Amino acid sequence: LAILAYFSIRGFTADGIGALYPAFINEIYGYTFEIFGTVITSTSTASLYYSATLISAAFFSIWCGQLVDKYDPKTVLIAFAILGVAPIFVLAFVDLSPMALLLVLILLGASIWGAAPARDALISSIAPPEMEGRTFAYLWTGALLFGSVSPILVGYIGDVSGLRTAFGIMSIFIVLSVLPLFLLYSKNIYLPSKS
């Protein structure tokens with residue numbers, strides 16, 4: 001249940017950001033560039049930033065996999081979540097130059113989507129060998145159901161109070177997501193060992 005709670009709360013932020021990210025970049029910054037006589041519109045710029053975020057997530061997944069080989073996946077997930085608060089908070093409250101925005105978005109991709117190996121290792125550590133796939137499916141389904149509400153709520157908040165406020169609320173959910181992980185350090189909770 002603690003792991004499902006982590007997945008669901010974190011999914012609220014990840015799904016909300018994924019759904020509103022391009023609109024946020026386009027509406028708040030609306031950067032337009034001209035390169036060799038070709039105008040890169042604000043929509044294309046938002047897509048470029050989104051691609052950079054996903055590429056950083058891919059590369060940081062490799063690094064996260066190395067961390068999981070050395071450290072407890074719970075600790076890695078907590079570290080990535082804490083790291084994830086900073087870029088979301090900055091997006092919510094700070095005006096950024098084009099280059100600073102790119103750097104913040106690279107950190108966002110790394111912290112929000114780059115922790116997949118730690119997530120998978122945590123599930124693997126609790127799942128019986130004969131039910132690992134099903135355990136992952138149950139947890140992921142629960143998280144997706146909860147996360148699917150996020151774009152609606154966050155979009156509504158964005159319409160009423162602005163997208164910066166919506167991102168500020170998502171930074172709170174990232175902090176809340178680590179609370180169930182701390183429960184897993186309790187001696188009263190049994191996590192089976194694969195060894």
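The dialogue below goes through these features in turn.

Reply: Happy to. This is a predicted model, in which local features need pLDDT of at least 70 and side-chain atom pairs count only at pLDDT 80 or more, while totals for chains, interfaces and linings use all residues. Residues are numbered from 1 along each chain as its sequence is written, and side-chain values use heavy atoms, with hydrogens and water left out.

Me: What volume does the largest pocket have, and which residues are closest to its centre?

Reply: On a 1 Å grid over the protein atoms alone, a pocket is an open set of points with protein on both sides within 12 Å along at least five of seven lines, and lining residues have an atom within 4 Å of a point. Points are joined across faces, edges and corners, and a volume is the space filled by probe spheres set on them. Here the largest pocket has about 220 Å³. Of its 16 lining residues, Arg10, Gly11, Ala14, Arg119 and Trp140 are the closest to the centre. Helices are DSSP runs (H or I, at least four residues), numbered from the N terminus; α1 gives the most to this lining, six residues.

Me: And how many cavities of 30 Å³ or more are there?

Reply: In a cavity, a 1.4 Å probe fits but cannot get out. The search of the whole structure finds one of 30 Å³ or more. The largest cavity has a volume of about 50 Å³, and its lining includes Tyr6, Arg10, Leu77 and Phe80. α3 gives the most to that lining, with three residues.

Me: How does the reach of α3 relate to the expected value?

Reply: The expected span is 1.5 Å times one less than the number of residues. Helix α3 (residues 73–93) has 21 residues and reaches 31 Å from first C-alpha to last, close to the expected 30 Å.

Me: Which residues touch the most other members of the largest nonpolar core?

Reply: In soluble globular proteins, nonpolar side chains tend to be buried together. A nonpolar core is a set of buried Ala, Val, Leu, Ile, Met, Phe, Trp, Tyr and Cys residues joined through side-chain atoms within 4.5 Å. The largest one here has 47 residues, and Ile25, Ile88, Leu91, Leu101, Leu105, Leu108 and Phe167 touch the most other members. α1 gives the most to this core, twelve residues. Leu108 has contacts (heavy atoms within 4.5 Å) that include Ile17, Tyr21, Ile88 and Leu91, leaving aside residues up to four places away in sequence.

Terms used: Helix = DSSP H or I, 4+ residues; strand = E, 2+ residues; numbered from the N terminus. Buried < 20%, exposed > 50% of the residue type's maximum accessible area, 1.4 Å probe, protein only.
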